[in-house]
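Trainee: Could you take me through the pockets of this model, and then carry on to the aromatic side chains? I would like one connected account that I can follow on screen.

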Amino acid sequence: MPQRILDSHHHLWDYDPTDYPWIDPDSILARDYGFDDLKQQAEGCHREATIVVQARQSLKETDWLLGIAKDHPLCVGVVGWVPLMDAGIGDVLARYADEPMLKGVRHVIQDEPDPAFMLQPEFLRGLEALSTTNLRYDLLIFGHQLPNSIKMVDHVPNLPIVLDHIAKPVIDPAKFDRDWAENISRLAERSNVCCKLSGMVTEVRGESWNIETLRPYVEHVIACFGAGRLMFGSDWPVCRLRAEYTEWVALVRELVGSMSAGEQDGFWYQNAAVFYGVEQL
């Protein structure tokens, strides 16, 4: 029987250059991407469920994604955005307390110019408020932000956190990112942190790369987190900058091929289902 997939990380948007300034107007991403597009491009991958993740930092988008999730049974959860820095964050979280499709929240820390942004008292206060709910936190950072992120994680040890895109190391075919590797090892010591195997292809430097370029990074996160704390994510449609949905799935299948049958089911489906608290399908 083909391995079923719960895609723990994809995006959707109605493209507008003002709302998505991070998208190059000339790129393949500069168009609308809806759930029907996802179903078409993931056809044949045995994807049975998805988690849709915010791409804009607005409550309007969070509510829009929740509406989409309610209309598409394959979408089993939303990782939205809330204003964690606001003094009234408790009231905002209370507003969503009865919203079962909201599974987690995310802030785009990778774009913050202050390297210590995640250690600001206001942000830590927001994470503390989040830790009193049933929501999880998606950690979106670059590799160089790992040291401060570890300090952040230590401040909220009871908050379930998942690291997006293995912290976006500098994937250079000619040189392994050893600083990233050392800090990933440290982060993985925190038992409340899981990791998404996603978003790697867009971090490759240069045009010439293959599966062996990615392999040492995948092997390292498997060694650090173990199969039980890893989950598959496509990062579609952003992955289209370097690989189509089906291509990324094929790459990952080969890269995690040494996992046992039980570990494979965990990686491709159960780990994300348990982390995000979604109903088992």
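## Pockets and aromatic rings

Mentor: Happy to! Let's begin with the lining of the second largest pocket, which divides into seven nonpolar, three polar and three charged residues. Please keep in mind as we go that this is a predicted model. The volume of this second largest pocket is about 210 Å³. Its lining is made by 13 residues, and those closest to the centre are Ala 97, Glu 99, Leu 102, Asn 134 and Leu 135.

Now turn to the largest pocket, with a volume of about 550 Å³. Here 24 residues form the lining, and Trp 22, Val 108, Gln 110, Asp 111 and Lys 168 are the closest to the centre. By class, this lining holds eight nonpolar, eight polar and eight charged residues.

Across the whole structure, a search finds 13 aromatic pairs. One of them joins Phe 123 and Tyr 137 edge-to-face, with 6.4 Å centre to centre and 75 degrees between the planes. Phe 123 sits in helix H4 (residues 121-131) and Tyr 137 in strand E5 (residues 136-139), so to speak two distant parts of the chain, 14 residues apart, linked by the pair. Both Phe 123 and Tyr 137 are buried.

Another edge-to-face pair is formed by Phe 267 and Trp 268, at 5.1 Å centre to centre and with 80 degrees between the planes. Phe 267 and Trp 268 are both buried as well. Over the face of Trp 268 lies Arg 253, at 5.0 Å from the ring centre.

Let's finish with helix H8, which spans residues 245-255. Its buried residues are Tyr 245, Trp 248, Val 249, Leu 251, Val 252 and Leu 255. Look down the axis of H8 and you will see these buried residues fall within an arc of 160 degrees, so they line one face of the helix. The background is simple: an α-helix has 3.6 residues a turn, so residues three or four places apart point the same way.

Notes. Residues numbered from 1 in each chain as written. Predicted model: local features only at pLDDT ≥ 70, side-chain atom pairs only at ≥ 80, totals over all residues. Heavy atoms only, no water. 1 Å grid on protein atoms, 1.4 Å probe; cavity = no way out; pocket = protein on both sides within 12 Å on 5 of 7 lines; lining within 4 Å. Points joined across faces, edges and corners; volume = space filled by probe spheres on them. Nonpolar A, V, L, I, M, F, W, Y, C, P; charged D, E, K, R; others polar. Phe/Tyr/Trp six-rings, centres within 6.5 Å; stacked < 30°, edge-to-face > 60°. Helix = DSSP H or I, 4+ residues; strand = E, 2+ residues; numbered from the N terminus. Buried < 20%, exposed > 50% of the residue type's maximum accessible area, 1.4 Å probe, protein only. Lys NZ or Arg CZ within 6 Å of the ring centre and 35° of its normal. Arc of directions from axis to C-beta.
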